[in-house]
Amino acid sequence: MEQVIRALFVALTVVAALAAPAPAQEAVKVGVIQPLSGSVAASGNYVRMGAEIGRDWINAKGGVLGRKVELLIEDNKSDPKEAATAAEKLIVRDKVPVIVGAWGSSMTLAAMPKLEEYGVPMIVETSSASTITKRGNPWVFRISPPSEMEALGLEKYMKDLGIKQADFLAVNTDWGRGAVGAFGDLLKRSGAQVGSAEFMEQAATDMNAQITKVKAGGGDTLFLTTSVEQITLVLKQAQEQRLVRRVITTGGSSSPSQLIKQAGAAAEGTYHILFFLPWFPEAMPDGKLAKAFVDEWAKRGHPFEGLTEGFRGHDGVLTAVEAVRLAGKAEPKAVQAALWQVSVMGLNGPIKFEKDGPAGKESGQSKPSIFIVQVKDGKIALPAFSAKK
Amino acid sequence: MDQLLQHLLNGLLLGATYSLLGIGLTLVFGLMNVVNFAHGEFYTLGAYAAFAALLLTPVHFFLAIPLAIAAGALAGALCERVLLRPLRGQSIDTVMLVMIGLWIAMQNAELLGWGGVAKSVPTPFPTHPVVLGAVSVAPLRIFVFAVSGLLILGAHLLLSRTKLGRAMRATFQDRETAALMGVSIERIHTVTFAFGAGLAAAAGALLGPVFLLYPSMGDLASLKAFSVVVV
């Protein structure tokens with residue numbers, strides 16, 4: 001037994017030595033932190049796939065600064081602690097000049113102090129909590145909308161939706177809590193009643209207690225903020241309990257195609273706030289780019305339902321590499337300064353950073369496009385009211 | 001009042017699933033004195049085995065469950081032969097560490113094999129709930145509740161009424177005496193662990209369709225199972 005272990009150990013050491021990256025660095029490294037395992041792994045893997053397409057497209061056009069782009073992808077295991085570790089690993093060990101990450105707001109917030117400590121910028125591609133750009137961390141550049149911006153995007157449809165009283169069911173993270181606040185404010189502004197706000201743990205699988213409470217409240221709408229896995233479970237369990245509500249999911253991570261597949265009839269009629277529409281690529285700000293991305297995604301055999309997350313990876317890498325190009329060198333400080341000059345067309349729309357947060361230590365916040373779709377007869381449709389506007 | 005009834009029903013159904021999780025763990029701990037940290041992984045294994053059976057072969061949902069239980073029991077037997085048998089007589093801490101190692105290895109193997117994206121198991125049950133007055137419940141949950149009850153009853157009867165059950169209890173009470181009475185000690189160890197793993201796999205195959213399948217699903221299951229056993 002002991003000999004076997006020793007042999008294995010030797011073998012592992014040899015493999016590790018062979019796999020170690022060559023010290024001479026030709027490629028421009030871009031760090032990526034995503035949840036590749038754990039409770040929100042589906043989303044993280046889709047973002048990774050999108051980031052890889054972004055990398056390959058850039059490399060096919062000759063890379064940046066005459067060098068190839070290389071992605072160093074770290075798994076944050078859907079866990080904020082791991083996100084901080086991953087950021088430190090990418091910065092200290094791999095010496096990346098820029099990072100794209102870290103999906104969830106709590107994971108991003110946990111990684112942020114490391115950015116400040118070592119002085120490396122991060123493109124935030126998914127997180128919605130408004131606090132991310134309000135904390136005075138000048139290394140943060142967000143291309144996804146904070147919940148407040150999403151709520152503003154929904155505001156013009158409030159009359160058409162006719163919400164009188166809404167309840168909230170959200171994941172108990174910075175994202176979920178932030179969304180409840182932002183959409184609660186929207187309701188109050190629009191003169192609607194705010195009912196109960198229920199929370200669930202990120203890994204929870206049985207939400208029957210929360211659903212029963214929401215049902216007793218008697219509202220007409222339920223705002224649902226969590227990962228697609230939990231949305232699936234909530235919709236299924238809501239159907240079991242005959243909860244009749246207009247469901248609106250927030251955060252853009254609901255992947256309605258996956259919901260149709262996994263929740264079936266329970267997904268019927270639900271509304272989803274999204275930032276990429278793979279069903280209608282021509283309706284995106286850059287229709288040709290969106291179409292090319294959807295086709296490439298299919299060509300690689302990636303599941304269609306991942307596209308609503310996957311585009312984030314592409315846009316994140318695009319932004320990071322554009323900043324490196326503008327900086328003229330792959331150094332964190334120069335890339336940070338160059339990020340303010342970035343003006344590119346992403347899959348979601350134009351990416352350009354504006355200052356957000358306390359003066360002198362502002363973070364960058366882009367103004368993404370926001371869309372709303374509805375599941376109708378087991379298909380994705382643009383709601384009648386959004387089509388006419 | 002309606003809310004109270006629905007909460008009670010939810011609690012009852014959830015409790016039944018937790019007890020199904022706990023029973024396999026109790027058995028292995030109570031009889032073998034092995035703290036099985038990999039319990040949740042046998043649960044995951046059962047869920048994925050049922051999923052694989054449905055995906056790769058034309059078997060019916062009801063047949064996929066016994067197949068998953070068989071897969072879990074087989075993996076349990078293998079684990080006992082390869083890992084636990086050489087450690088017989090070692091301290092409980094040593095065994096615990098090995099089981100933690102097995103947990104990590106199995107979870108990462110699942111991640112490697114199935115990927116991180118959650119899977120949904122199709123069932124023949126209608127998604128529309130059964131309505132009983134003010135409360136409602138999904139048919140699948142009733143099925144899970146019933147099968148859990150049967151499995152718990154079956155395990156109890158096996159331990160208390162059969163020769164094998166008596167041999168199991170005798171072995172773990174007094175090894176030497178049991179051996180002198182003609183009980184095959186080695187075989188009992190293997191069977192007991194396989195039995196515990198099979199029950200975990202049963203829980204996975206039953207609860208997988210209720211929830212979703214992903215490689216770390218066993219962590220939550222383990223947590224609940226340990227709470228059940230300790231409380």
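User: Is A:Asp56 buried, exposed or partly exposed at 26% relative accessibility?
Analyst: This is a predicted model: local features need pLDDT of at least 70, side-chain atom pairs count only at pLDDT 80 or more, and totals for chains, interfaces and linings use all residues. Residues are numbered from 1 along each chain as its sequence is written, chains are lettered from A and ligands numbered from 1 in the order written, and side-chain values use heavy atoms, leaving out hydrogens and water. Buried means under 20% relative accessible area, exposed over 50%, and partly exposed in between (1.4 Å probe, protein chains only). At 26%, A:Asp56 is therefore partly exposed.

User: Which residue forms a salt bridge with A:Asp56?
Analyst: A salt bridge needs a side-chain nitrogen of Lys or Arg within 4 Å of a carboxyl oxygen of Asp or Glu. For A:Asp56 the closest N and O atoms are 2.8 Å apart. The partner is A:Arg300.

User: How many residues apart in sequence are the parts that this A:Asp56 to A:Arg300 pair ties together?
Analyst: A:Asp56 and A:Arg300 form a salt bridge. Helices (H or I, at least four residues) and strands (E, at least two) are DSSP runs, numbered from the N terminus. A:Asp56 lies in helix H2 (residues 41-60) of chain A, while A:Arg300 sits in the loop between helix H12 (287-299) and helix H13 (307-327) of chain A. The separation is therefore 244 residues.

User: Which residues are linked with A:Asp56 and A:Arg300 in a network of salt bridges?
Analyst: A:Arg300 is partly exposed, at 30% relative accessibility. The structure holds 29 salt bridges over all chains. In the network, A:Asp56 and A:Arg300 are joined by A:Arg55, A:Glu296 and A:Lys299.

User: In the salt bridge of A:Lys134 with A:Asp356, how far apart are N and O? And is A:Asp356 buried or exposed?
Analyst: The N to O distance is 2.8 Å. The pair links helix H5 (residues 131-134) of chain A to strand S13 (residues 354-356) of chain A, so it ties together parts 222 residues apart in sequence. A:Lys134 is partly exposed at 47%. A:Asp356 has a relative accessible area of 16%, so it is buried.

User: What does A:Val69 contact, leaving aside neighbours within four places in sequence?
Analyst: A:Val69 is in strand S2 (residues 69-75) of chain A, and is buried at 4% relative accessible area. Its C-alpha is 8.2 Å from that of A:Asp56, 13 residues away in sequence. Contact means heavy atoms within 4.5 Å. The partners are A:Val28, A:Val30, A:Arg55, A:Ile58, A:Asn59, A:Val64 and A:Val321.

User: How many of the 21 residues of H13(A) are buried?
Analyst: H13(A) reaches 30 Å from its first C-alpha to its last, close to the 30 Å expected. The expected span is 1.5 Å times one less than the number of residues. One residue of H13(A) is A:Thr319, which is buried with 0% relative accessible area. H13(A) is largely enclosed by the rest of the structure, because the buried count is 17.

User: How are H12(A) and H13(A) oriented to each other?
Analyst: Their axes come within 11 Å and cross at roughly 110°. Axes are lines fitted to C-alpha atoms, for helices over the stretch in contact, and angles run from 0 to 180 degrees between N-to-C directions. Angles under 35 degrees count as roughly parallel, over 145 as roughly antiparallel, 65 to 115 as roughly perpendicular and the rest as oblique. H12(A) and H13(A) are therefore roughly perpendicular.

User: Which residues of H13(A) meet H12(A)?
Analyst: From H12(A) come A:Phe293, A:Val294 and A:Trp297. They meet A:Leu307, A:Gly310, A:Phe311 and A:His314.

User: How many nonpolar residues does the contact of H1(B) with H8(B) have?
Analyst: The axes of helix H1 (residues 2-32) and helix H8 (residues 185-210) of chain B come within 9 Å and cross at roughly 170°, so H1(B) and H8(B) are roughly antiparallel. Ala, Val, Leu, Ile, Met, Phe, Trp, Tyr, Cys and Pro count as nonpolar, Asp, Glu, Lys and Arg as charged, and the others, Gly among them, as polar. By class, the contact of H1(B) with H8(B) has no charged residues, five polar and 13 nonpolar.
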